[in-house]
Amino acid sequence: MAKNYVENRNNDAVVQSVRGGTLRRILAELADVFVAFILAVTAYGLAFQNLFGFKRITNEMSDTFNEMTTILVDRHLSFRLQDGSVYLRDDFETQFYKYYLSKKIDAYKDDPKRDVLQQYYTGYRVENCAKLSQFQYNTEILGLPKELDGDNSSLFVYDLSASDPLNSEPLFSDATQANLIAYLNGNTDSLDTTTTYKAVTELFNKTYTSALDEVIKNDQQYLDLAYKMYMLTGKRAYLQSAAMIASYIVGSLITFLIIPLVKMNGLTLGKRVAKLEVDDRDASLAKWWQFLIRFFVETFEYCFIIPMIGIMGFGLSAFRMPLMDVFGATVELSVFLLIGLLLSVASLIFMLVTPNKQSLHDLASMTFINTSDIKLIRDAEARREAELKKNEE
């Protein structure tokens, strides 16, 4: 049991030892957690993120992606502009319908586009997939009938002005053209225009995906690069998890150990502001080894900070960062969120229900949190003396 008296360290007067108020202690802990978080985020951003290879691996991932893009450019499933930007699916979707509109509409002739699907399937298809003739492309990809007078349920029609319509590039049907132009001009409430636009989009996306799958599955160089990208992504994720943990340890070390040991008084910044002190069982200042135990326990209690460190860089996906593999399953950083919150809540409950208002780190280190507010101490002493006088009467 802690002694009821403690020597006032300023004037050697004997005064009553008063436990720190619950609200003060909670606010002090919240302040310390915030300080640890800010220190950890700063350490992560200034040092540990790149120290654990983020920039290096990101650059390697960028180089690998550029190599993968080069293969798609060679296959005409991508296009690199002079400024370095790259056309991908959405850009080519726009090109697809504008290319066929430009064949008959003057407004689109000054902005020439291309049918990237036709270029791939008839000229740049992967080696172990047979290239299509224009006729095969018209019938197998665009859905045109195999005869000029065949039943046509396609979005396209044969170009009858061509010398060989069956083997020439087709045109949008009049209905497809009219509905698509209306949709592009903002008439999106009409069922026909919306249905036509969705049909053209679905045709392009379905076919582009099939072409992309062919490259992914059949081009060995692309497969090797895709596997390399997968490994780099995983490696960076694991290393960044380690960087967040290291950053948190630094933040916790400074907040819960180094600052309290500076003057050997056990005071964190939060406790100093809240006028609290860390005392031993006999109401004297706690020992250095007690500060060390408090640091270890508090570090575990507030480990929910770890996945929060990466939110600014990775968003909520920081909680999904991998920590380790256990029996084939990936344990994510979110486990720290669960463990930390459980320990923090348990520590708060202990502080509320134990006779001496001791939290987990107080119990583990055998320390007590008293107030250093002279006014509160004198008020408590006055109340004690009044109670003693009353009892004597």
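## Basis

The model is predicted: local features need pLDDT of at least 70, side-chain atom pairs count only at pLDDT 80 or more, and totals for chains, interfaces and linings use all residues. Residues are numbered from 1 along each chain as its sequence is written, and side-chain values use heavy atoms, with hydrogens and water left out.

## Overall make-up

The protein has 15 helices and 10 strands. Both are DSSP runs numbered from the N terminus: helices are H or I with at least four residues, strands are E with at least two.

Buried residues account for 44% of the 393 residues. Buried means under 20% relative accessible area, exposed over 50%, and partly exposed in between (1.4 Å probe, protein chains only). Take the contacts between residues at least 6 apart in sequence: 64% of them join residues at least 24 apart. A contact means heavy atoms within 4.5 Å.

## Helices H4 and H5

Two packed helices are described by the angle between their axes and the distance between the axes. H4 spans residues 116–124 and H5 spans residues 134–141; they pack at about 125°, with axes 10 Å apart. H4 is therefore oblique to H5. Axes are lines fitted to C-alpha atoms, for helices over the stretch in contact, and angles run from 0 to 180 degrees between N-to-C directions. Under 35 degrees is roughly parallel, over 145 roughly antiparallel, 65 to 115 roughly perpendicular, and the rest oblique.

From H4, Leu117, Gln118, Tyr121 and Thr122 take part; they meet Gln134, Tyr137 and Ile141 of H5. By class, this contact has 4 nonpolar, 3 polar and no charged residues. Ala, Val, Leu, Ile, Met, Phe, Trp, Tyr, Cys and Pro count as nonpolar, Asp, Glu, Lys and Arg as charged, and the others, Gly among them, as polar.

## Two buried helix residues

Glutamate 29 sits in helix H1, residues 22–51. Its relative accessible area is 14%, so glutamate 29 is buried. Setting aside residues up to four places away in sequence, glutamate 29 touches Lys271, Glu298, Tyr302 and His361.

Threonine 64 belongs to helix H2, residues 54–74. Threonine 64 is buried because its relative accessible area is 0%. Beyond neighbours within four places in sequence, its contacts are Leu225, Lys228, Met229 and Leu232.

## Cysteines

The disulfide count is 0, where a disulfide is a pair of cysteine sulfur atoms within 2.5 Å. Cysteine 129 counts as buried at 16% relative accessibility. Cysteine 303 counts as buried at 4%.
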